[in-house]
Amino acid sequence: MPDETKYQDGELIFALDIGTRSIIGVAGRVVDERLEVLAIEKEEHGKRAMLDGQIEDIDQVAKVARSVTDRMEAKLGCVLRRVSVAAAGRALRTEKGRFAMDLPQVSRIESDLISQLESGAVSDAESRLSDGDESPQRRFYLVGYTVSSYLLDRYPLITLKGHNGQQLEAEVVATFLPSEVVESLYTVMEAAGLEVASLTLEPIAALNAAIPADLRLLNLVLADIGAGTSDIAVCRDGAVVGYTMATIAGDEVTEELMRRYLVPFATAERMKMQLREQSVLYRDVLGLEHTVAGEQLQEVVRQPAQNLAQEIAQRVLSLNGAPPSALFLAGGGSKLDGLRALVAEAL
């Protein structure tokens with residue numbers, strides 16, 4: 001157990017990835033603008049407590065989150081209280097927003113002006129969300145945004161800070177999730193004894209980690225395929241232009257094996273990991289043992305794999321308007337044999 005008198009300091013970053021299959025904890029400090037990782041822990045859910053990135057069993061997810069946090073505390077020798085989390089969800093909404101400011105005179109642009117400018121653009125995106133909402137009673141929460149472009153006196157800049165000008169403009173891509181998705185996440189963190197320090201969206205976090213800003217002049221797409229969701233982010237011309245999320249992911253493959261061989265979910269997951277083996281031994285729901293060739297398993301999962309590839313391709317084309325220069329596959333679901341070729345063909 002950590003020393004109860006030693007608490008997480010302001011420089012220690014603690015983050016939890018609340019995934020459909022497992023929870024991963026990471027802790028570290030920023031050193032020379034990079035994260036120095038000090039500890040990593042992972043634990044799978046004991047049962048299917050989440051579906052398509054949405055928390056179903058709050059107590060079970062909170063229990064696993066607390067277990068991961070306890071092991072992190074033991075490694076770090078301190079009590080963790082503040083956590084950063086990334087959210088997924090089955091009803092992601094993305095809107096673009098734009099806002100302009102005219103200053104009384106030419107002034108130096110500092111952080112407070114930039115914050116006002118970005119807040120105005122986010123508010124504009126939120127108003128567009130309300131205009132297009134077919135269910136006005138449904139509440140949406142902002143879970144993250146990315147600045148697509150800045151203009152200073154009608155001249156495009158990567159950043160405004162420190163420049164002098166009078167006319168400011170910003171465009172953002174803002175993402176929203178239904179209140180029930182966000183509130184369940186906060187409830188889990190509270191039950192685990194943690195306070196949410198920051199909240200972002202899974203594709204935003206994945207893009208920031210995988211594709212540096214200086215590569216975003218290229219038309220690149222990142223598809224992070226997990227168990228319950230496939231998170232997609234698109235960048236081009238130096239900016240992030242959109243995010244989307246598909247609820248087809250690795251679980252569809254597992255569920256096809258369950259139906260075909262009458263096995264529990266955990267057994268189907270193990271069989272999915274053994275596709276390359278010559279033969280796979282498994283026990284069905286009646287307790288009877290069987291052996292199946294790895295080639296036969298590959299044939300069984302071919303159709304759900306094609307469905308996943310088609311869904312990713314359709315989402316990318318809808319968001320990007322054309323096939324990108326390159327698409328990166330990440331996440332556990334991307335390890336499925338042959339998926340890369342199927343996505344390329346679908347694009």
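Q: What percentage of the 347 residues in the protein is buried?

A: This is a predicted model. A residue counts as buried when its relative accessible area is under 20%. In this protein, buried residues make up 45% of the 347 residues.

Q: How many helices and strands are there in the protein?

A: The protein holds 9 helices and 17 strands. Its radius of gyration is 22 Å, close to the 20 Å that the globule rule gives for 347 residues, so the protein is as compact as a globular protein of that length. The C-alpha trace spans about 80 × 55 × 45 Å along the principal axes.

Q: Among contacts between residues at least 6 apart in sequence, what share joins residues at least 24 apart?

A: Contact means heavy atoms within 4.5 Å. Of the contacts between residues at least 6 apart in sequence, 62% join residues at least 24 apart.

Q: Does Gln 60 count as buried or exposed?

A: Gln 60 counts as buried because its relative accessibility is 16%. Gln 60 lies in helix H1, which covers residues 58-76. Leaving aside residues up to four places away in sequence, Gln 60 touches His 45, Gly 46, Lys 47 and Ala 49.

Technical notes:
Residues are numbered from 1 along each chain as its sequence is written. This is a predicted model: local features need pLDDT of at least 70, side-chain atom pairs count only at pLDDT 80 or more; totals for chains, interfaces and linings use all residues. Side-chain values use heavy atoms; hydrogens and water are left out. Helices (H or I, at least four residues) and strands (E, at least two) are DSSP runs, numbered from the N terminus. The radius of gyration is taken over C-alpha atoms; the globule rule is 2.2 Å times the number of residues to the power 0.38. Buried means under 20% relative accessible area, exposed over 50%, partly exposed in between (1.4 Å probe, protein chains only).
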